[in-house]
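User: I would like to go through this model and ask what stands behind each label. Please set the values against the cut-offs.

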Amino acid sequence: MSTLYQIAAPNQDHLDPRGQNASLFTTMDVEQVALQVKRDGLALGLRLPEDLRHALAEFGTTTPVKPWGAREGVPLEAVAGGRLPSGEPVAVAETVDLDRCEAVRRITHDPKLLLLGKRVLGFNPQGIEASLRWSFPTNLPPTQHNDIDLASRWHYDVIGKNSVSLFFYILKGNDDLDGAHATILGSHRRKKVSMLFRPSTTISEAELMRYYGPGQVVVATGEPGDGFAEDPNTFHRAMQPISSARLVLLIRYT
Ligand SMILES: O=C(O)CCC(=O)C(=O)O
Ligand SMILES: [Fe+2]
């Protein structure tokens with residue numbers, strides 16, 4: 001997470017973001033998407049214009065990355081095989097210097113996305129973060145992969161008082177499940193009390209399925225350019241990339 005902007009002073013909160021007609025997301029119905037995020041925790045069907053997806057793919061493939069926990073960026077090629085030069089497996093790495101990418105700013109400050117943030121949060125977003133994130137096929141058995149990428153286990157995130165995430169697949173394997181993102185519908189509103197007092201990554205899939213039912217799981221399959229909005233307080237997880245590395249743009253309004 002690397003970018004933080006202030007877009008509206010609290011004393012201007014009655015104002016909606018201006019210039020709705022200039023949005024990049026021409027067909028998006030903000031009120032409908034906001035309603036779904038609030039009700040289900042998830043709204044599919046967002047779509048990034050191809051020129052911006054292309055600009056992000058270009059930036060992501062030519063800029064150094066920071067593996068989780070690393071101090072410094074390394075060239076993408078050094079880790080793209082799912083191993084550090086030391087041989088240690090690496091599942092996730094973030095593109096550095098995202099502030100230099102003009103396409104990111106256009107997306108994070110898009111008037112319709114900002115309005116979506118306002119409708120879900122109940123106030124104009126005060127914090128805007130963006131992350132361009134690689135997930136690599138480690139070729140490890142799922143349990144081992146999940147140990148080095150905790151976001152591959154079911155979990156929920158509590159970020160500030162309220163938050164909403166937007167994901168856009170920039171590059172992704174061909175298979176639907178390959179590097180996809182899964183969500184348990186409605187789980188932002190309904191958790192067992194005991195789920196609140198344990199690290200969420202320690203809650204087993206079996207326990208979640210018993211409580212919510214397998215029918216509540218939605219996998220956001222999709223192609224590069226497809227995106228979705230999610231309440232991070234839902235249970236969700238990243239699925240292991242199999243055929244090729246996945247690149248996603250993640251935006252978070254708080
Ligand atoms: O990469 C994903 O699909 C999930 C990431 C995630 O869980 C998060 O950033 O909170
Ligand atoms: Fe998460």
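Analyst: Begin with helix α1: its buried residues pack against β1 (42–47), α5 (111–121), β5 (164–171) and β8 (226–230). Contact here requires C-beta atoms, placed from the backbone, within 7 Å. Helices (H or I, at least four residues) and strands (E, at least two) are DSSP runs, numbered from the N terminus. This is a predicted model, where local features need pLDDT of at least 70, side-chain atom pairs count only at pLDDT 80 or more, and totals for chains, interfaces and linings use all residues. Residues are numbered from 1 along each chain as its sequence is written, while chains are lettered from A and ligands numbered from 1 in the order in which they are written.

User: Which residues of α1 are buried, and why are they said to line one face?

Analyst: In α1 (residues 30–40), V30, V33, A34, V37 and D40 are buried. Seen down the axis of α1, these residues fall within an arc of 165 degrees, so they line one face of the helix. The arc is taken from the directions from the helix axis to the C-beta atoms. An α-helix has 3.6 residues a turn, so residues three or four places apart point the same way. The face turned away from the buried side carries the exposed residues E31 and Q32. After α1 comes G41, with a positive phi near 85 degrees.

User: Why is N124 called buried?

Analyst: N124 has 21 other C-beta atoms within 10 Å. Buried takes 20 or more, exposed 12 or fewer, and partly exposed lies in between, with C-beta atoms placed from the backbone. N124 is therefore buried. It sits in the loop between α5 and β4 (128–135). N124 and Q12 are 112 residues apart in sequence, yet 8.7 Å apart in space, C-alpha to C-alpha.

User: What makes D97 exposed and N139 partly exposed?

Analyst: D97 has 12 other C-beta atoms within 10 Å, so D97 is exposed. N139 has 14, so N139 is partly exposed. D97 lies in the loop between β3 and α4 (102–108). N139 lies in the loop between β4 and α6 (142–148). Neither is a glycine, but phi is positive at D97, about 55 degrees, and at N139, about 60 degrees.

User: How do you know that β4 pairs with β10?

Analyst: Pairing needs at least two bridges found by DSSP between two strands. β4 and β10 have eight, in the antiparallel sense. R133 has V248 in β10 as its bridge partner. β3 (residues 92–95) also pairs with β4, antiparallel, over three bridges. There V92 stands opposite S135. As for cover, seven of the eight residues of β4 are buried.

User: What makes the sheet β7-β6-β9 open-edged?

Analyst: Three strands form this open sheet, with antiparallel pairing. β7 (217–220) and β9 each have a single partner strand, so one side of each is left without a neighbour in the sheet. Three bridges join β6 (residues 181–184) to β9. One of these pairs H181 with A238 in β9.

User: Which residues are around ligand 1, and how do they divide?

Analyst: They are A151, D157, H181, P232, H236, A238, V248 and L250. Near means that the C-beta atom, placed from the backbone, lies within 6 Å. The shell divides into five nonpolar, two polar and one charged. Ala, Val, Leu, Ile, Met, Phe, Trp, Tyr, Cys and Pro count as nonpolar, Asp, Glu, Lys and Arg as charged, and the others, Gly among them, as polar. β9 (236–238) and β10 (246–253) each supply at least two residues of the shell.

Conventions
Two residues are in contact if their C-beta atoms, placed from the backbone, lie within 7 Å.
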